[in-house]
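Visitor: Hi, could you walk me through this one? I'd like to start with the charged pairs.
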Amino acid sequence: MSEADLQSREGDPLMIAEEWMKSGRDVAIATVVETWGSAPRPVGSHLVIDVEGNFEGSVSGGCVEGAVVAEAAEVLADGTPRMLEFGVADETAWRVGLSCGGRIKVYVERLG
Amino acid sequence: MDPLSLKKLNALRRERRAAVLLTDLGDGRDRVIREGDTVAGALGEAVARAFRSGRSATVEIDGRSFFLNVHLPAPRLVVIGAVHISQALAPMARIAGFDLTVIDPRTAFASPERFPDVTLHAEWPDEVLARAPLDAYTALAALTHDPKIDDPALLAALKAECFYIGALGSRKTHARRVERLLAAGASSEAIDRIEAPIGLDIGAASPAEIAVAVLGSVIAALRSRGLVAKEEAA
């Protein structure tokens with residue numbers, strides 16, 4: 001509607017990613033692309049990460065963000081997207097899991 | 001993600017236009033699809049389904065994985081009448097995640113002192129809605145009791161197919177309103193969409209309680225009948 005209404009969407013990860021990009025920062029975008037069981041954030045949720053490890057948004061209730069941020073550094077370095085899977089079923093593959101018992105798949109890509 | 005895709009997507013979101021970001025999970029390429037754009041084949045069906053349901057999803061088509069991220073405009077609530085109920089409704093709606101606008105041409109009611117931090121227009125609804133039209137992602141609550149102010153807004157809401165339309169007033173008041181809206185050219189099927197008396201039936205008495213009832217109805221429409229109902233019907 002008005003500009004004031006749009007500004008009320010503060011904290012919007014994709015808007016933040018665009019601002020970061022405009023200010024010359026390298027940005028990675030993580031997106032929840034699939035969920036099983038009681039996943040904390042719905043499919044389509046974003047976490048955006050810059051090269052210094054600053055991040056905005058969320059892909060879980062805080063359980064796996066640390067691991068995603070670490071992986072984003074690799075994605076920013078080599079430019080290759082990665083598909084990450086988190087959940088109780090993958091405890092051997094991943095140090096972190098979702099305490100709620102759900103599983104999520106997170107796609108991490110570089111912007112540009 | 002292609003930086004151009006991000007710019008295009010965010011521009012559409014700022015304009016309150018529905019869009020899907022389509023990502024090929026095999027090669028990482030993406031593109032922005034606007035509602036109404038033609039996409040062929042099974043992918044087109046998946047895109048149409050995503051727009052209808054508002055649900056993002058991964059789909060497999062011809063052995064390839066695509067992610068469809070649907071971006072629908074944020075739900076908005078337009079309140080006609082800077083009345084006591086609206087003063088309670090404004091902060092509640094904000095907490096519930098709605099972009100809220102209050103419209104009332106009576107400057108004594110529509111004062112910033114009565115509505116701090118609220119998008120407030122001390123103008124006639126027609127003037128405001130001409131600049132910022134209603135849409136299917138908007139709810140409208142008419143709360144002035146004054147036909148001169150409420151009726152034009154209700155007609156605009158019916159035309160724009162707002163996902164929720166409610167009007168304050170007793171059954172008797174509403175019966176007279178229905179007569180006026182019919183005379184103004186609205187169909188009776190359309191008028192049936194207006195919730196009156198307004199709000200969930202929770203025995204609300206005080207202005208704040210009525211605000212809760214109204215917000216409850218708006219949320220019910222958003223999560224069940226309105227946008228989601230379109231998916232179920234499809």
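Guide: A salt bridge here is a side-chain nitrogen of Lys or Arg within 4 Å of a carboxyl oxygen of Asp or Glu. This is a predicted model, where local features need pLDDT of at least 70, side-chain atom pairs count only at pLDDT 80 or more, and totals for chains, interfaces and linings use all residues; side-chain values use heavy atoms, with hydrogens and water left out. Residues are numbered from 1 along each chain as its sequence is written, while chains are lettered from A and ligands numbered from 1 in the order in which they are written.

Visitor: How many salt bridges over all chains?
Guide: There are 17. In one of them, the side chains of Asp37(B) and Arg34(B) meet at 3.6 Å, N to O.

Visitor: Which residue meets Asp151(B) in a salt bridge?
Guide: Arg180(B), at 2.5 Å, N to O. The pair links distant parts of the chain, helix 5 and helix 6 of chain B, 29 residues apart. Helices are DSSP runs (H or I, at least four residues), numbered from the N terminus, and strands are E runs of at least two. Asp151(B) is buried at 9%, whereas Arg180(B) is partly exposed at 31%.

Visitor: New topic: what is Leu143(B) in contact with?
Guide: Beyond its neighbours within four places in sequence, its contacts (heavy atoms within 4.5 Å) include Val79(B), Leu89(B) and Ile198(B).

Terms used. Buried means under 20% relative accessible area, exposed over 50%, partly exposed in between (1.4 Å probe, protein chains only).
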